[in-house]
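Keep the sequence and the model side by side as you read.

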Amino acid sequence: MRVRLGSGQWAAWAFLAPVVVYLVVFYAYPLYRNVELSLRNYTVRSFVRGDAPFAGFDNYLKVFDDPAFGPALWHTVVFTVVSLVFQFTIGLALALFFVRNFPLSATLRALFLVPWLLPLIVSASTWTWLLNSESGVVNAALGVVGLGPVNWLTSPDWSLWSVTIANIWIGVPFNLVVLYSGLQAIPASVYEAAALDGANRRQRFWRITFPLLRPVSAITLLLGLVYTLKVFDIIWIMTRGGPSGSSTTFATWSYRLGFGNLVPSFGPGAAVGNLLIVAALVFGLVYVRTLHRRVP
Amino acid sequence: MRRVKTAIGLALTAVMLFPVYWMVNVSFTRDENMRRSPPHWFPVDGTLEGYRAVLDKQLPYLGTSLVIGLGTVVLTVVVAAPAAYALAKLRPRGGGVLSFLLLIAQMIPGIIMAMGFYAVFLSAGVLNTVPGLIVADSTLAVPFAVLVLTAFMSGLPEELLQAARVDGAGTVRTFWSIVLPLSRNALVTVSLFAFLWAWSDFVFASTLDQGGDHQPITLGIYHYIGHNNQEWNAIMATAVVASIPAAVLLVIAQRYVAAGVTAGAVKD
Amino acid sequence: MRSSASGRIATGLGLALLAACSTPSAPSAVEEAPASAAAPSAYTIWDPYPQYDGSSEWVRLLEACGTQAGVTVERTGYDTSDLTNKVLLAAQQGNAPDVLIVDNPVVSTLAEAGVLTTTAENKLDVSAVSPNLLGAGQSGGETFGVPIGANTLALYYNKDVLDKAGVDPASVTDWAALTAALEKVTKSGGKGITFSAIGTEEGSFQFLPWFWGSGANLTKLDSPEGVAAVTLWTDWLKKGYAPNSVINNTQTTSWQEFATGEYAFAENGTWQLANAEKAGFPYGVIPIPAKAGGPAPAPTGGEFVSIPVQQDTGRYAASQQLVACLTNGENSLKTTTTLSYIAPTDSVQQQQVAADAKLGVWVEAVKVAKGRTGDDLGTKYPKISEPIWGAVQAALSSSKPPQEAMTEAQTAAASATQ
């Protein structure tokens, strides 16, 4: 038994070897660099010369002390949770809708992916265009039905919702396509058996589709979480995190500190970025634990 | 009933693609009408200036983007598929830790990745080259591909793999002739995203290939982003022109996501 | 070293050195290889004008200057907001370009980073350049480059809209007159003024003429004068004289608003002149008024050409020839015309006005303009600018009253510049 298991392990790791090499070669250095940036006191000069003094956790303390920390944390949570919930439910609903073939279904499903073909600078700029308070088409449409204009991007009360809506739009195709292939992988025979047992549509969804879709749903949500935590370009292009910090999340804050200024502060920027990595780590742990509980 | 569904499907797609329509609308709009309030819903009194600018200059970029996109797909699948098989079915010790690392790998901000690659690529001599950019773009997709393929492959019926083993197939044979064909849907999905990410990537291209002889279409947009002034109709026209060939590819690829692949195999 | 013959010798020497470095035994050869593998004598030039491609006049000028200096030129255009980081990264890896053209407020930062050579080292001649323009490239008594051209801000106006409202643009010489004009325009059914108050350096750039025109100083943001400037903008928004969209406007967006023909005024720069001609309505340009009257000092825009530090100092000679070629009298006229800029030297400015009388207003505006990093601020400026645009955004979006916004900005700026 032990010998067989050993040889199985060898085979498994032989299959994993390419990805392990890949991880070490391409991710280890950037990750190391991000950690190193956050632990040293970088100025532009020491960045170029590579001789920044070790600063311990100073950058992190600076970040925690910053008055922007609390609001940024709250915005990150709201942005992430609201985006995830809507992306996933809309994506799942659309996947269920498209799973029964009808004329044009494959083509329409493909068209849903078109937003992903656009560089984010273009799709996010298009959203700024739509939501412009003076000349945006959304306010023009609201005017037609008799509602007053909304300062989507320029009011601190609305900016976070505007960027969230744009982000949901970007995220729906991803959820749709992954969940759709997940639905396709469920054998039709299972449904046939359930139909024979007289299960109705609702029962079939909750007793068959939902449980069988769980591994794919879990990974979709987890990846969605990681991607949403990381989103900065949409927000950056649409509002620059403003006005007055009202749509600043950790990701945009990190970008502003490190790259969005004439004088970059690499240290605090990297520190904020690493806090996000820690957040993803926590959720990753939850994921791995639930996976192991399911597959003993 | 099926026709009703088509109608609903069309309506949903229209809502989803409205921003894309708006992009098309802007691409035809004259400068003086861009911020008209209320805006024109259709490009009345439009201009083809944006497209003239784009077709003059942008076509070579499309070819490069295509090569980069397809290269990224191949590299991603080659690296990710075996790993996903191992994680899903071979239960390697430490597999959990590896999945975990893959997850964290994706959290590194793109711009930090780009900075890291810059140093590595410079000393390896692949800065400003297409292969270099393919490798960089694949890092967007590989962790995703491994995790998603693992999720799909762990859903493959164990009895199929057992049967193959009984027939005397080794691990490699099982992977090649059973697991891969059965994972067709997942492979198409993963390839689609690998392609899309490479196609629309901006951060890596601008850090690692801005001085290159062959640049992807996303960098073509820079022709219209001046120091103080941006030509938005040309920017949008570039995006429209860039998305047409890729959209055709998507429609074709979606046809290969077929129903009942696993079901058929189980019945056999 | 100044004569071209000795320059060529130095170039030759530089090439020989480079060739020597390219032997595999030298450790630096690995780093040099990718840049120099294709053509060993290629000199790299980075500029923030990605809109100009290989067939443009600008790039042809660069190539011609390369031919004159006896080297081939490899030019890359970067997005201006990206360029600083690209240069820092490249310098860190020993891969900085030979010639760098960069936005003027960044020069002091790059100088601080030790990326740029001084004019004492690279022997560039800056004696003819107007001191108010050169200021942005100076720090600690050293000069780090030559301005390639300058631009600044003024008020464009739409004659039709003003006529309809019965406003004479010549009467707009102080804040009160401007606000009164905006009121008349709004009452006559037109739209008042558009500008850019976006949360980036662009926003500060556009705000500074009002801030300085009020008599405020960058070292004390919350002075009554500073608060008055924020209040002026805030009141315009509240009264509907300026659209709410200015909070998120880039200078391009703001120009597009003006181009609709509905707005009376737009605060914008020299570079929009060509577009103004195409706008399809009669326009004019007046200086931005100061609070108490007269033209307000506007910030200088425009780029500096500089020579980044190289390991191989033999390269400087040819780089110096390249820069001199780009900035000498005759080419300066060509360069600034191509870029729609005002020349940095008196003599070329006169040629420009002689060729196009409409540039007269802009030449005057550039003469009274102020460098953002001047007043000995240098690298402190960016740390003051960020709180400024933040405060302007806070006040315009009614998150905070002007006084509170500026007081907080002052606290933030003071602690960042300690």
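In which sense do strand β7 and β10 of chain C pair, and over how many bridges? Strand β7 (residues 153–158) of chain C and β10(C) pair in the antiparallel sense, over 4 bridges. Within this pairing, C:Y156 has C:V285 of β10(C) as its bridge partner. Two strands count as paired if DSSP finds at least two bridges between them; helices (H or I, at least four residues) and strands (E, at least two) are DSSP runs, numbered from the N terminus.

Both strands belong to an open sheet of 4 strands in chain C, ordered β8-β9-β7-β10 with mixed pairing. Its edge strands, each pairing on one side only, are β8 (191–194) and β10 (283–286) of chain C.

A word on provenance: this is a predicted model, in which local features need pLDDT of at least 70, side-chain atom pairs count only at pLDDT 80 or more, and totals for chains, interfaces and linings use all residues. Residues are numbered from 1 along each chain as its sequence is written, while chains are lettered from A and ligands numbered from 1 in the order in which they are written.

Now to confidence in chain B, given as pLDDT (the predictor's confidence in each residue, from 0 to 100). Chain B averages 84, and 95% of its residues score at least 70.

| Chain B helix | Mean pLDDT |
|---|---|
| α14 (residues 261–267), lowest | 39 |
| α4 (residues 59–90), highest | 92 |

Over residues 259–268 of chain B, pLDDT stays under 50. Where pLDDT is low, the predicted coordinates should not be read in detail.

Definitions and conventions
Two residues are in contact if their C-beta atoms, placed from the backbone, lie within 7 Å.
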